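Subject: Handover of the model, with notes

Dear colleague,

I am passing the structure on to you with this message, and my notes on it follow below. Please read them with the structure open beside you.

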Number of protein chains: 4
Amino acid sequence: MAAKIQVTVWNEGRHEKKNPVVAKVYPKGIHGAIAEALNAQPDIAARTATLDEPEHGLSDEVLRGTDVLTWWGHMAHDDVADAVVDKVHQRALEGMGLIVLHSGHLAKIFRRLMGTSCTLRWREDGAREVLWVTCPAHPIAAGIDDCIILPHTEMYGEFFDIPQPDETIFISNFAGGEVFRSGLTFRRGAGRIFYFRPGHETFPIYHDPAVRKVLANAVRWAAPTGSMKIECPHKPLGWFEKPV
Amino acid sequence: MAAKIQVTVWNEGRHEKKNPVVAKVYPKGIHGAIAEALNAQPDIAARTATLDEPEHGLSDEVLRGTDVLTWWGHMAHDDVADAVVDKVHQRALEGMGLIVLHSGHLAKIFRRLMGTSCTLRWREDGAREVLWVTCPAHPIAAGIDDCIILPHTEMYGEFFDIPQPDETIFISNFAGGEVFRSGLTFRRGAGRIFYFRPGHETFPIYHDPAVRKVLANAVRWAAPTGSMKIECPHKPLGWFEKPV
Amino acid sequence: MAAKIQVTVWNEGRHEKKNPVVAKVYPKGIHGAIAEALNAQPDIAARTATLDEPEHGLSDEVLRGTDVLTWWGHMAHDDVADAVVDKVHQRALEGMGLIVLHSGHLAKIFRRLMGTSCTLRWREDGAREVLWVTCPAHPIAAGIDDCIILPHTEMYGEFFDIPQPDETIFISNFAGGEVFRSGLTFRRGAGRIFYFRPGHETFPIYHDPAVRKVLANAVRWAAPTGSMKIECPHKPLGWFEKPV
Amino acid sequence: MAAKIQVTVWNEGRHEKKNPVVAKVYPKGIHGAIAEALNAQPDIAARTATLDEPEHGLSDEVLRGTDVLTWWGHMAHDDVADAVVDKVHQRALEGMGLIVLHSGHLAKIFRRLMGTSCTLRWREDGAREVLWVTCPAHPIAAGIDDCIILPHTEMYGEFFDIPQPDETIFISNFAGGEVFRSGLTFRRGAGRIFYFRPGHETFPIYHDPAVRKVLANAVRWAAPTGSMKIECPHKPLGWFEKPV
């Protein structure tokens with residue numbers, strides 16, 4: 001039997017502590033809900049880590065043992081230590097998968113990897129979002145027929161200041177008239193990155209079966225298929241020729 | 001003074017003949033409206049060509065003298081002679097610009113250049129479309145602030161079966177809940193191609209000032225900046241070294 | 001146990017009949033060598049088909065049962081019936097994987113899918129080619145450290161007239177001074193396409209272990225992960241909303 | 001008459017001070033040579049700025065008045081103040097063009113914009129580089145027929161750890177057997193970025209007429225065609241609808 005994909009579900013975890021509404025929607029935290037969804041899959045083993053743990057729960061040992069890291073943050077992006085961001089960045093380039101969720105678009109690690117401002121427009125109006133599949137047969141959209149309907153969400157609108165994605169898997173229609181590229185892949189170094197828009201602290205998005213399906217698909221897609229060593233070496237003439 | 005960009009505005013021109021509603025919206029034909037919009041620009045000289053002219057109005061001489069060709073067709077794609085498609089295809093690869101409009105997504109020349117089925121989903125419900133700029137500062141979007149609002153249009157929905165575009169300039173929100181990648185660039189050979197969704201035979205889309213602005217921007221963007229010779233030559237060792 | 005990936009290895013098969021040198025390098029044909037390499041893998045089942053069989057060996061039944069088709073042709077591209085190309089094209093868009101090899105760059109099916117002339121520059125000088133990995137950790141490059149060295153090959157040089165690839169996995173250095181993008185992926189419809197440059201009728205390229213490894217990797221990568229129906233349907237308002 | 005494109009040519013300027021060989025090749029500094037090449041163009045006005053000037057010569061006023069910034073650095077990347085990098089980064093996203101040259105691949109500003117390590121392999125062997133045009137008719141390659149030959153250069157080899165470029169304009173063949181993607185465009189925010197590999201402190205690369213032609217072409221290509229405001233605003237329902 002193949003080894004399970006080792007996932008670390010990272011969450012800021014502050015909204016849950018401060019806002020009883022959030023605590024009610026996510027009694028085990030947003031991280032708890034996501035980990036639960038992933039652990040329901042036979043090939044995935046998910047644990048959690050949060051901002052207020054030592055090293056934000058992301059020690060060298062934890063990172064070394066992580067195939068795919070998922071990231072949720074919103075109100076405390078600046079409280080994430082640069083040293084931890086450095087390590088996550090390096091691991092991602094070396095091959096670790098990274099799934100950035102919703103308001104994680106402004107997380108240090110995402111802005112670091114994108115190189116842009118990652119800004120967008122937003123409105124918490126609880127109106128309908130429809131995410132359309134724009135890359136059929138992509139493994140991340142497996143099991144999603146045409147679209148995902150989320151009856152009540154926060155709106156995110158273009159322009160979303162990111163580099164051109166490698167693949168655009170989902171594009172959202174918001175009832176208020178906006179659109180958003182909401183499922184995007186980026187290859188950086190040896191690592192695969194997936195940004196997925198859905199998710200909010202008060203709308204119960206991570207309980208939605210279609211959203212949970214995409215999360216599991218994305219974990220499988222982002223799992224490492226190789227690694228890269230970050231170095232900039234001098235190479236003598238003929239170095240690549242195999243000895244006879 | 002720089003020479004004007006020579007544009008040939010091609011139109012199937014059948015709806016105008018058969019449907020009095022269309023004839024009323026476009027008394028000089030869809031081609032007439034587009035040519036008029038372009039000729040209002042100081043740097044563009046547009047003439048027209050239609051399906052029912054000899055060689056569909058696209059003789060070798062006309063094509064040779066065309067910097068940018070715009071294409072509108074809908075009900076008679078199959079009536080376009082393959083020999084003409086061959087010539088337009090070759091000219092496009094050699095460097096001529098090509099702007100494909102609305103229902104031209106199923107035109108032979110567009111499917112030929114894309115290599116895919118170019119299918120999509122549609123509904124003539126006359127509801128609102130909002131085209132959002134997703135590539136700010138792109139010359140094709142010059143003068144468009146955030147979006148273009150078309151109060152009454154036909155709906156086109158994803159999945160739009162095209163290769164990944166080089167650039168996605170506009171994405172549309174339709175009031176019915178769909179989305180569509182509606183302003184797309186593709187480089188093929190030495191030629192630049194722009195697909196632009198807006199346009200319909202009964203909705204007066206080509207009278208809209210913002211649509212006209214994009215058309216003129218696109219002509220400037222697609223104008224040739226070089227050319228390519230289509231050949232697959234044997235090259236002897238050292239052929240590229242300049243004689244001393 | 002998972003079902004094996006069903007591969008059909010297609011070959012023009014004319015050089016082998018006409019040229020004793022080719023027949024000596026590939027006693028079972030180029031198709032025989034490729035099928036042998038693939039059948040050495042536990043998860044792949046390869047059969048062959050050639051130009052001179054009825055329907056070129058690509059009946060509806062064969063195509064229906066094919067997960068991935070590999071294509072080698074050179075001197076007889078024009079002898080491939082358009083009706084067969086139509087069927088292969090449709091199957092590829094619907095989700096079948098397609099691997100186009102070497103001189104297949106001018107095959108009807110490849111030019112059809114690319115939409116460009118697919119021309120390049122060439123020289124049969126038997127000099128060294130080094131293919132460098134430019135997308136580390138991509139599954140198609142699994143097991144290839146830095147590069148593949150082919151001591152004696154035909155040269156293919158840029159400009160290679162193709163659309164921008166989705167991913168550039170290999171770029172070749174030729175001893176004569178040229179370069180070539182030699183391992184390229186393209187998504188078209190629901191299908192995955194891989195173009196791989198190495199291969200020639202008189203140089204024993206398909207006996208090279210690294211080339212064989214890439215072929216097997218590419219088959220796994222191109223195997224269908226979903227399908228698409230080619231249609232352009234009218235959709236009534238609200239069609240995507242699930243009935244309660 | 002149209003206003004000239006305002007270019008600031010930035011150079012670290014340390015090699016010139018420490019190494020008489022460099023000072024002999026570039027008596028006015030690398031910046032002096034590049035500025036001279038650009039100022040020979042009728043539509044470009046270039047000034048210079050160097051590391052050891054106050055604010056590295058890049059005050060707010062200078063940056064505000066800069067349409068396109070070119071960047072050369074090598075031995076003192078770490079001496080560039082983060083505050084200056086922050087400002088250049090912001091200006092680039094807002095629309096300023098940026099041309100990064102040669103060893104600038106490890107400059108803070110380039111790594112910041114790419115989000116990757118930007119590492120590569122290298123060798124100062126003074127052997128031949130041939131840069132092949134892989135995007136014909138691109139304005140950056142205007143006037144370059146097939147390739148640029150540099151008889152004696154430093155080698156840069158793949159894997160070059162960058163995000164997938166928007167366009168690959170040049171790919172290099174090195175006599176030692178390596179390849180390198182050596183002319184690359186990236187759009188970030190409203191800004192255009194061009195990375196161009198040629199250039200070294202002891203080889204007289206910036207005196208080469210073809211290299212100078214590409215630099216001038218790149219300046220024209222990177223000149224702003226619009227701007228973007230970096231913000232992440234709340235937008236009320238209907239905000240984009242124009243008042244009647």
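To begin with the contact between two of the chains, 32 residues from chain C and 32 residues from chain B take part in it, where two residues are in contact if their C-beta atoms, placed from the backbone, lie within 7 Å. On the side of chain C that touches chain B, the elements that give two or more residues are α6 (108–114), β5 (121–133) and β8 (179–188) of chain C; helices (H or I, at least four residues) and strands (E, at least two) are DSSP runs, numbered from the N terminus. Of these, β5(C) supplies the largest share, 4 residues. Sorted by class, that side of chain C has 12 nonpolar, 10 polar and 10 charged residues, with Ala, Val, Leu, Ile, Met, Phe, Trp, Tyr, Cys and Pro counted as nonpolar, Asp, Glu, Lys and Arg as charged, and the others, Gly among them, as polar.

Before going further, please note that this is a predicted model, in which local features need pLDDT of at least 70 and side-chain atom pairs count only at pLDDT 80 or more, while totals for chains, interfaces and linings use all residues. Residues are numbered from 1 along each chain as its sequence is written, and chains are lettered from A and ligands numbered from 1 in the order in which they are written.

How the copies are related

Chain C is superposed on chain B by a rotation of 180° with 0.0 Å of shift along its axis, at an RMSD of 0.0 Å, which is the relation of a two-fold axis; copies are superposed by least squares on the C-alpha atoms of residues with pLDDT of at least 70 in both. Among the residues of chain C, C:Gly115 comes closest to the rotation axis, its C-alpha lying at 2.5 Å. Because 100% of the interface residues of chain C are also interface residues in chain B, the copies meet through the same surface.

For chains A and D, a rotation of 180° with 0.0 Å of shift along its axis superposes chain A on chain D (RMSD 0.0 Å), and the C-alpha of chain A nearest that axis belongs to A:Gly115, 2.5 Å from it. Here too the copies meet through the same surface, since 100% of the interface residues of chain A are also interface residues in chain D.

The fold of one chain

Chain A has 7 helices and 9 strands, and its C-alpha atoms fill a box of roughly 65 × 40 × 40 Å, taken along the principal axes. Of its 244 residues, 57% count as buried, a residue being buried if 20 or more other C-beta atoms lie within 10 Å of its own, exposed if 12 or fewer, and partly exposed in between, with C-beta atoms placed from the backbone. Among the contacts in chain A with a separation of 6 or more, 72% come from residues 24 or more positions apart.

One residue of strand β2 (residues 44–50) of chain A is A:Thr48, which counts as buried because it has 21 C-beta neighbours inside 10 Å. Leaving out residues up to four places away in sequence, A:Thr48 touches A:Val9, A:Asn11, A:His31, A:Gly32 and A:Ala35.

Backbone points to check by eye

Most residues other than glycine have a negative phi, and most peptide bonds are trans. In chain A, however, the peptide bond from A:Glu158 to A:Phe159 is cis, with omega near 10°, and A:Phe159 lies in the loop between β6 (147–157) and β7 (167–174) of chain A. A cis peptide bond also joins D:Glu158 and D:Phe159, with omega about 10°.

A:Cys118, in the loop between α6 (108–114) and β5 (121–133) of chain A, has a positive phi, near 60°, and counts as buried with 22 C-beta neighbours inside 10 Å. D:His102 is not a glycine either, yet its phi is positive, about 45°; D:His102 sits in the loop between β4 (97–101) and α6 (108–114) of chain D and is buried, with 23 other C-beta atoms within 10 Å.

With best regards
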